[in-house]
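Colleague: I am new to this structure, and I would like to learn how to read it feature by feature. Could we go through it together, with the general idea before each case?

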Amino acid sequence: FFTLFVCTTCRSPKFVNMAEGFEVFLKYLPTSADEDGVKEFLGSCGEICGDVRLMRDSATGQCKGVAWVSFTTQAGADAAVKMSGNRFGGRNVQITRAKQVTWAGGHASTVGGIAGTIQAVGTHTPAMGHEVVAAVVGKDTDGVFVDGTFGRGGHSRLILKALGKTGSLHAFDLDPEAVKAGRELEKQDSRFKIHYGGFSSMAEKLPEAGVKLGSVSGVFLDLGISSPQLDEALRGFRPEQSGPLDLRFDLTKGQSASDFLRTAPRDEIVRVLKEYGDPSDPHAAVRVADAVCLARMPGGPGAPTTTRQFADLVTACRGYEYQAMHSAKAVFQALRIHLNDEFGELRGGMGAALELLQPMGRLGVLTWKHSECALLVEFLRTKEVAPLQFPLYRWYQEEKDKEDFAGNQLKKKWGFVADAAQRPSAEELRINSRSRSAVLHILKKRQGLLCSDLEEEAASIFAWQNPTDQAERTPSAPSGQSRLNKKRKKSQQHEPEQDQEAEVGPANEEQEEVEAQVKEKKCKKASKQRKASKADEDGECAPEEAEPAVEKKGKKNKKLAEVTPDDEEAQDEETEKAPKKKARKVSQVDEVPAKPTKKCSHKSSSIIDLFEDEDVLAISKPAGLLCHPSPGFWDHGTVVHELEGRLPAKMLKHRESYTGEADSFIPRAVVHRLDRGTTGVLLLAKTPAAEDGLTAQFKGRSMKKRYVAILLGHPGGEDRAETISVNEPIASDPSRPGKVMISESGKVAKSIIHVHAYDEASDLSLVSVQLLTGRQHQIRIHCKHQGAPIANDDDYAGAAELAKFRKKFKVESTGGKRPLLHCWKMELTHPVNSDEPLTVKAPLPPDIQSLVARLWPDLPEDPENWPCVTKYRILLRGLPYTAEAQSIADFLKPAVSVPAESVRVPKKNTKRKYWTDATLRAGEAEAFVELSNEEAELVRKLSGQKMGSRWIEVILELDSRTNTDG
């Protein structure tokens, strides 16, 4: 085999003998590099086949900065690529997969590497097309999308192909030739519309075309330059071609590159080339600027007007060290970025995308250079929604509700969260080698606390030097003083006519102001309690119904009180002192139930609101109501009918309207269901984004569902086990339509039953059940399988057992006879703002509550506080690779005593020196233990603590390894 090289000095073919293998390409090597040094540098990656091939200068014999190395295995080549950026001979070396071309039988072919592909002039193969469609469009095929860089329509056509009949695509471009091609596509597809202009203007132009802000599903930006523009010599984008030195996307606007070089001051040329050019050689900018200034002096040849003239001038300044690519490429790139204001366009485009996108809308950005990536990251840092593990987010959630907190109550804002960046696949590179530098970034629009706001808040409270505002900070100010000074100044600005005495306070003025804030909070709390008690006396609350609870991690629960006319004046005064915040929680209490709650004001007096925002509605479903219309209940008797007017019309459409399933009569708002007799938490989607988010969590089994039930008997058998894991598949019962049975050929069904109390006299058990798969039907059949069916369950309990129970306990329910099963708690992430955890609880219904109070009067009212010893799996992540079982046991010791032999860590493969395990990855460990509720809470609090120099994440999962059948 022979590799074809083009000698950069004489431009003639040169054939070099080589061995077949997997080849990598090294760039930016020092001139002193030799074959043995490079081989030693990459020797740890794997076995090298053949010789290291250095490109040397024919005159001096020194290395010209590039080399090729072949490995015998794919793994060796991949390991070498991962070393890119390491220093060799005082320089940072870049290593990539080689575009290796062999010359066999007179035809070019590839061996182990990526061959350079050839495209016809004027054509364009879209980079990472499938990845772009999957990330930006996804399953939302009926939405509105924007392609901010149409080019020749490669990505636009792929997006249109993925869209449904009602989907639409708007495209933008500055190039008149691209807009002309877009007009042709408009004639072919009515779903497509082309706009002439930069993508930074899309937030202004799209509303004129009938697209509302906040309604776009996805925006895509392909930065840089398209292949047709590169191939057209008249545009002047490539230094290898001969043509006018223009470099503009829109030839009708702005200044050409030749005009810029002819008129710009030297300092301006230096700035542009340094800021947008090759960061590894900033001095080259000075040399090029000097050469341009010399050329345009009187008696000189004049400023270059063609690409060939300018390329030769740059090459004369920079020399031949960087012959892996044309030495003028970075200089041409710098001028192009400046003349077209590409970075300003990108900043404006990302800001416009944030305005246009709907919640959970995706912004896809395809970058080609480090400078573009850096600009994107810079923008993201100003609009990044804080993740749960962000240290300042954890600090703020812990401190904000404390009485002595000197900071502001931050408001949630719309921003972005970033998914992992994607790179071209090997198949992509084989088809389109020009995509080798592409990186696809995906940003999703979400609402939450911004990292930048948290950083500014912390800097203001602690008087840190804020990097964005160092000049206005006072480093010597004590904790909290900076915030108090700011509040005092703000107060003086709004109240200029205050008495002079108010301006001169005692020496401990700051302390008195803090005390005043604390006193004000206490007064507000007392006022709310008075309002609540007054509402109770007026009879506005239904005494038979308990108040629901909604919890979120890191936030205190607050009581919701009904405001009476007598309290309106006091409420107005409080409103003036503190602005209202848009509350996500509809009703919250510290204990369940603390006081009776006011019934819903809408049509149904039996449905209780648990949580509501613009995307989700969570209710406590009473017994006797179906979830959605069905035969016999088309116009009455369902949750959907009771919530008339509260759910958007588009979410009441049957799934058949967009899935095509003839038997799908379920409205889009109903993502999961409860039986007519089952009470408890029911989640309803108010937007398509929430529908997708809830569906994904239900199907992915990431949602934790906890039920409470009273059983006829003890499910733990003769041993009276307190935690029972049942793993029995279920299927439809052919002898009883609508019922299920345990069947080996059925669907996987897992339940974990926790026994909290047992009454021997009545042979009744109080249990909570965690549903790991499926619906509540499996709980009923699993409990029956354990010999303890659910009380009052006519479908699965025996007739004699039911008669005995009903004779002794006359259970009354508003929904008639029903199984004593209640969906008590759901833990999930917000379906739209997925970084926001959400826990929804429904109070126990009167029938279960009265029976629990009668049999077990000492139990707390909140099931969260019922006694329980549960088998858990403790999973630790982020551990040092050197962590041993004993050190991990010592880390857990403050919460629970775990023997070292019970801790399992992944085994180490000493030969390859990396960790391998079927279930555990490097830096992880696990332990299976039995914990009480208190111990489990202590273990959870260990998450975020340090072991050595690393932050450890602790995850507590229920142990579902075995079932009762062994």
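This is a predicted model: local features need pLDDT of at least 70, side-chain atom pairs count only at pLDDT 80 or more; totals for chains, interfaces and linings use all residues.

Colleague: Is Ile269 buried or exposed, and how far is its C-alpha atom from that of Ala334?

Modeller: Burial is read from the relative accessible area, and a residue under 20% counts as buried. Ile269 has a relative accessibility of 1%, and therefore counts as buried. As for Ala334, it lies 65 residues from Ile269 along the chain, and the two C-alpha atoms are separated by 9.9 Å.

Colleague: How much of the whole chain is buried, and how many helices and strands does it have?

Modeller: The chain has 966 residues, of which 49% count as buried, and it contains 29 helices and 37 strands.

Colleague: What describes the way two helices pack?

Modeller: Two packed helices are described by the angle between their axes and the distance between the axes. In this model, helix 10 (residues 283–295) packs with helix 11 (residues 307–318) at an angle of about 130°, and their axes are 9 Å apart. The two are therefore oblique to each other, and helix 10 passes helix 11 in a right-handed crossing. On the side of helix 10 the contact is made by Ala284, Arg287, Val288, Ala291 and Val292, and on the side of helix 11 by Phe310, Leu313, Val314, Cys317 and Arg318. Sorted by class, this contact has eight nonpolar and two charged residues, with no polar ones.

Colleague: At what angle do helix 13 and helix 14 pack, and which residues meet there?

Modeller: Helix 13 (residues 342–356) and helix 14 (residues 370–383) pack at an angle of about 40°, with 11 Å between their axes. Helix 13 and helix 14 are therefore oblique to each other, and helix 13 passes helix 14 in a right-handed crossing. From helix 13, Phe343, Leu346, Arg347, Met350, Gly351 and Leu354 meet Ser371, Glu372, Leu375, Leu376, Glu378, Phe379 and Lys383 of helix 14. By class, the contact of helix 13 with helix 14 has seven nonpolar, two polar and four charged residues.

Colleague: Which residues of helix 15 are buried, and what do they pack against?

Modeller: In helix 15 (residues 391–399) the buried residues are Leu392, Tyr393, Trp395, Tyr396 and Gln397, and the buried residues of this helix pack against helix 17 (451–462).

Colleague: Turning to loops, where is Ser256, and with which side chains does its own side chain make polar contacts?

Modeller: Ser256 is placed in the loop between helix 7 (227–231) and helix 8 (257–263), and it is buried, with a relative accessible area of 7%. Its side chain makes a polar contact with the side chain of Ser258 at 3.2 Å, and another with the side chain of Asp259 at 3.1 Å. Not counting residues up to four places away in sequence, Ser256 touches Leu245, Asp246, Arg248 and Leu339.

Colleague: Is Arg701 buried or exposed, and what is it in contact with beyond its neighbours within four places in sequence?

Modeller: Arg701 is found in the loop between helix 24 (688–700) and strand 22 (704–712), and it is exposed, with a relative accessible area of 53%. Leaving aside those neighbours, Arg701 is in contact with Leu772 and Thr773. Leu772 is 71 residues from Arg701 in sequence, while their C-alpha atoms are 6.8 Å apart in space.

Methods. Residues are numbered from 1 along each chain as its sequence is written. Side-chain values use heavy atoms; hydrogens and water are left out. Axes are lines fitted to C-alpha atoms, for helices over the stretch in contact, and angles run from 0 to 180 degrees between N-to-C directions. Helices (H or I, at least four residues) and strands (E, at least two) are DSSP runs, numbered from the N terminus. Angles under 35 degrees count as roughly parallel, over 145 as roughly antiparallel, 65 to 115 as roughly perpendicular and the rest as oblique. A crossing is left-handed if the near helix is turned anticlockwise from the far one by less than a right angle, and right-handed if clockwise. Contact means heavy atoms within 4.5 Å. Ala, Val, Leu, Ile, Met, Phe, Trp, Tyr, Cys and Pro count as nonpolar, Asp, Glu, Lys and Arg as charged, and the others, Gly among them, as polar. Buried means under 20% relative accessible area, exposed over 50%, partly exposed in between (1.4 Å probe, protein chains only). A polar contact is a pair of N or O atoms within 3.5 Å; within protein, one must be able to donate a hydrogen and the other to accept it, and residues adjacent in sequence count only if both atoms are side-chain atoms.
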